[in-house]
Structure formats: structure tokens, C-alpha cells
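Thanks for coming, everyone. I'll walk through one structure, a few spots at a time. Please have a look at it first.

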Amino acid sequence: MPSAHLTATWETPPTVLIGAGLALVLFVQAFVRLRRRRAEHAPWTRALLFAAGLALLVVPVASPLDHMGDEQLLSAHMLQHVLIGDVAPALMLVAVRGPLLFFLLPPAVLRPLAAFGPLRRFLGVLLRPLVALGLWTVTIVAWHAPSAYDYAAAHPVVHDLEHVSFVLAGTLAWTQLVDPARHERLRRPQRMFFALAMLALVQPLVDALLFSSGTAYPRYAHQPDRLLGLSPLTDQRLAGVVMMVEQLLALGICVAFLLRPYLRERRERLRGAALPHVSR
């Protein structure tokens, strides 16, 4: 029975379970500590955003989507990738931005880490905008090369490494856009250009998936039983649609939020210019 098969494929890898549990514990203690001091800096909307991000990090690798992506549909695999590598990091970073970020680690852990020079220098290099953008691009493009993609799908350890790299690269890129620590490595206009650069850099991959006349991934092409009746080429094009739509939605929403202060300022200027005319 299909339903029994789907139920049987709900499996949470121990590493995912441990990582998610640790993330949840750190967030809860930070949320409680900050609410005791300044509740307005830790509204319940932050908890909801973090829970949504954590769910989108765990469910794609613990649900039937993981099996579908590994064995049956390229489009399912692509959906898994954009959720864990883009949507989940974005939501979690938005959830912890501002003072809450500095409460994530207890003081006994934060102080020695902050004082450890090599770690600070290493993170400083990783969080440079061009480095973060470069690592994000290389991660997306390299893992979606057909040979690397098929090899990772056939080897569990490499597959896990692939997932970890998506999460880390996505976190680095979205750190530039969300700026949770308010370091202002990029000013607001530069963050919008950063988002547009992400769209532009991934577009050749999207175009290859959408407009190729043949299938690029043998693992998905040579299957006698096609899930949902999708042909290999249709599945491949659907994977391109998944990536394109997710990127447009996530980065489009981000740019819209970055534009809000400019739009608000423009409305205020127009309102101010209209007042003298009304008074006359």
C-alpha cells in the first residue's frame, strides 16, 4: 500500500535529531532569558518563526520527501534542497535577529568562544559578503552537477555532507541579507544587490533544468515505474520550476522588506508636500 510505504519512510537520522534538539534548547533558553529582561525584544512571533524554520530543516530529511528525492523524483530532491538550504536558514535567522542572537549561547560558553582569536578570524573571513556569496554559489552549482548529484544520492555519508553544506552555505548567504547581529557589513541597497546577485548566479542552473532537451541525471532517468506518471524530462523541468519559484519568492520577499523604509519615506514626503497645498 502506498500509504503504508510513506508511513514507513518517516525516519529521523540521529544527527538531525541531536542537532535539532540542541538548536531548540539554545533558542528556548535564549528566548526565556531575554523575555525576563526585555520582553519586547523577544515577542512570540520570533518563537513561531524559529519553530517554522526548524520544522522546515527537519521535516524534509525525516519525511517521505527524503525517500522520494533520493529514489524517485528529481523535483522532490530539489524541493528538499531549497527548503533546508534557503527557507529554513532564512526563517531561523529572522527569528533570532537583534538582541536575541546574543543570548543563544550561555555566558559560560559565549565568553571563551568570543575570546578565541582564531575562531573569530575564521568567522570574520567566512562572513565577508563576497566570500559568503562565493561559497553559496559554489555549493549550489557543484552539488547540482549531474555526477556529484548522482554520487551523493547513492552514498549516504556524502548525501549527509551535501545537506550540511546546503544549510551552512544558506546560513552564510542569508546572514548577509538578514544581518541578525546588525554588523552592517552591507548597507540596505547593497543587501538588495546581494539578493539580486543570488538570483542571477543560480539562473544558468535553472535554465539548464528548464530548457534542456534531454535528461541530465541518469539516476532519475532510468526508472521503470514513474511516480505520479511524470516523465524524466518533465520531472527535470519541474525541478527547475521549484528552484526558480522558491528563489523568486524568498529573495523577492526579502527585497520587498528592504524597500519598505524607502517607500515609507517617500509616502511621508508626498504627504508633507501635499499639506501646504491643502492649507491654502
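Is Asp179 buried or exposed? Asp179 is buried, because its relative accessibility is 11%. Buried means under 20% relative accessible area, exposed means over 50%, and partly exposed is in between, with a 1.4 Å probe and protein chains only.

A word on the source. This is a predicted model, where local features need pLDDT of at least 70 and side-chain atom pairs count only at pLDDT 80 or more, while totals for chains, interfaces and linings use all residues. Residues are numbered from 1 along each chain as its sequence is written, and side-chain values use heavy atoms, with hydrogens and water left out.

Back to Asp179. It sits in the loop between helix H10 (156–178) and helix H11 (188–211). Helices here are DSSP runs of H or I with at least four residues, numbered from the N terminus. Most residues other than glycine have a negative phi. Asp179 has a positive one, near 50 degrees. Glu184 lies in the loop between H10 and H11 too. Its phi is also positive, about 55 degrees, and it is not a glycine. Glu184 is exposed, because its relative accessible area is 61%.

Next, helix H2. It covers residues 14–37, which is 24 residues. From first C-alpha to last it reaches 35 Å, close to the 34 Å expected at 1.5 Å a residue. That expected span is 1.5 Å times one less than the number of residues. Which residues of H2 are buried? They are Ala20, Phe27, Gln29, Ala30, Phe31 and Leu34. These buried residues pack against helix H3 (44–62) and helix H5 (74–96). Contact here means heavy atoms within 4.5 Å.

Now charges. How many salt bridges does the structure hold? One. The side chains of Arg38 and Glu40 form it, at 2.4 Å, N to O. The cut-off is a side-chain nitrogen of Lys or Arg within 4 Å of a carboxyl oxygen of Asp or Glu. Arg38 is partly exposed, because its relative accessibility is 43%.

Last stop, helix H13, residues 232–279. Leu238 is in H13. At 36% relative accessibility, Leu238 is partly exposed. Ala256 is partly exposed, because its relative accessible area is 39%. Where does Ala256 stand relative to Met192? They are 64 residues apart in sequence and 9.1 Å apart in space, C-alpha to C-alpha.

How values were computed
Helices (H or I, at least four residues) and strands (E, at least two) are DSSP runs, numbered from the N terminus.
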